[in-house]
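Dear colleague,

I am passing on the structure we spoke about, with the sequence alongside. Please open it first, and then read the notes below with it in view.

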Amino acid sequence: LQGIFVLGLPYALLHSGYSGLLLIVLAAALCCYTGKILIACLYEENEDGQLVRMRDTYEDIANACCKKLSPSLGGIVVNVTQVVELIMTCILYLVVSGNLLTHSFPYVPVTEKTWSVIAFVTLLPCMFIRTLKIVSKLSQLCSLVHFVIIFVVITYCLTQMHQWSWAKFRLSLEFENFLVSVGVIIFSYTSQIFLPTLEGNMKNPGEFRCMLNWTHFFACILKTTFALTAFLTWGEKTKEVITDNLPSFLETLVNLCLLTKALLSYPLPFFAATEIVYSCISNDSHSNYRSLLLALTVRGSFLLLTLLMAMFTPHFALLMGLSGSVTGAAMTFLLPSLFHLKLKWKKLSFLEKCADISVFILGFLCSLAGIVCSIKGLLEVFG
């Protein structure tokens, strides 16, 4: 829940004003809701009226919804969407790592692409990660680093309270900039891809809904506090990545923390993407040696793919925005609400049906707006 996008929240407030604060709360509620209905799609009632987990993955849910049309069509669509989003996320982490190293060591005569290669070398052990347990440990370290970054920024902002002014908030909004803010805020919460696996690996799955409520609640509080204090400190001078506003001595420290966070964040989407591809192409009849060789080949290929795209894809940020508008909105809003309506229609109340339809429409509009803005940006860049 606490990704790189969080650092862009103050900049989002710059373009969304007071409505941005409402959006942070609304996005938390919507993402929490779609997470719950997605997990609800994993369960069916047995003859005794008890809920039984009949499906294990996002793919299983999609296949159940599309089984009359094609037994595997839904799963293929979901898997392709997931892999694209996860791989683009991995590439973003490599791009960010190269950029942070360049800014942290400006006097070292090394290009940003070379720094990305150096960061890539540190990620080679990802080829040998075989269980989610290892990934979860790395994610815990990532969270600790993230809280250090947030603590440093908020502490500095609190020392500047004497210059805070609510007059810095905008009342009039530019529509395109507002849409950018919506994208940053919504996609700072997205985690639906990982939820079926997470719920399936919990010691007590019955506590999942409670866990989801509390994590989104605390994420909302933290993001609102962070975005508000940072924006009140810098106002119109707020930059896209808020750490660029810090004094030089703090900026270097925070950039190195961000680098650590980016490298620790990489294994989770990488592991998820490679597991999806491996499960699609593997055959249980293979020997242990062949299975291990196939797994290493898949992971090695994905590692190399992320490096090549990070180094040679021009205007990656715009392409990331385009893919995020398609895959991010689909996995977070469109598909969970659509699947929930399809699988649970007869058991849903009128208000629940209205809620699902509203979320679907909202997700479609966000996706459409993001696609239009991204394509417009690409056309302007390419002349």
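Which residues does leucine 303 touch, not counting residues up to four places away in sequence? Taking contact to mean heavy atoms within 4.5 Å, leucine 303 touches Phe120, Leu123, Leu124, Met127, Tyr266 and Phe270.

Before going further, please note that this is a predicted model, in which local features need pLDDT of at least 70 and side-chain atom pairs count only at pLDDT 80 or more, while totals for chains, interfaces and linings use all residues. Residues are numbered from 1 along each chain as its sequence is written, and side-chain values use heavy atoms, with hydrogens and water left out.

Leucine 303 lies in helix α12 (residues 288–312), where helices (H or I, at least four residues) and strands (E, at least two) are DSSP runs numbered from the N terminus. With a relative accessibility of 1%, leucine 303 counts as buried, a word that stands for under 20% relative accessible area, with exposed being over 50% and partly exposed in between (1.4 Å probe, protein chains only).

Leaving aside residues up to four places away in sequence, alanine 272 touches Leu86 and Phe194, and its C-alpha atom is 8.7 Å from that of isoleucine 193, which is 79 residues away along the chain.

Helix α1 (residues 9–16) has seven of its eight residues buried, so it is largely enclosed by the rest of the structure. The buried residues are Leu9, Pro10, Ala12, Leu13, Leu14, His15 and Ser16, and the helix is followed by glycine 17, whose phi is positive, near 60°.

Two helix pairs share α9. Helix α2 (residues 18–40) packs on helix α9 (residues 208–234) at an angle of about 160°, with the axes 10 Å apart; axes are lines fitted to C-alpha atoms, for helices over the stretch in contact, and angles run from 0 to 180 degrees between N-to-C directions. The two helices are therefore roughly antiparallel, given that angles under 35 degrees count as roughly parallel, over 145 as roughly antiparallel, 65 to 115 as roughly perpendicular and the rest as oblique. By class, the contact of α2 with α9 has twelve nonpolar, four polar and three charged residues (Ala, Val, Leu, Ile, Met, Phe, Trp, Tyr, Cys and Pro count as nonpolar, Asp, Glu, Lys and Arg as charged, and the others, Gly among them, as polar).

Helix α6 (residues 132–158) packs on α9 at about 40°, with the axes 9 Å apart, which makes α6 oblique to α9. The residues in contact include Phe147 and Ile150 of α6 and Leu222 and Phe226 of α9, and by class they divide into ten nonpolar, three polar and no charged.

Finally, the structure holds seven aromatic pairs. In one of them, the rings of tryptophan 214 and phenylalanine 217 have their centres 5.9 Å apart and their planes at 90°, so the pair is edge-to-face; rings of Phe, Tyr and Trp (its six-membered ring) pair if their centres lie within 6.5 Å, and planes under 30 degrees apart count as stacked, over 60 as edge-to-face and the rest as tilted. Tryptophan 214 is partly exposed, at 48%, as is phenylalanine 217, at 43% relative accessibility.

With best wishes
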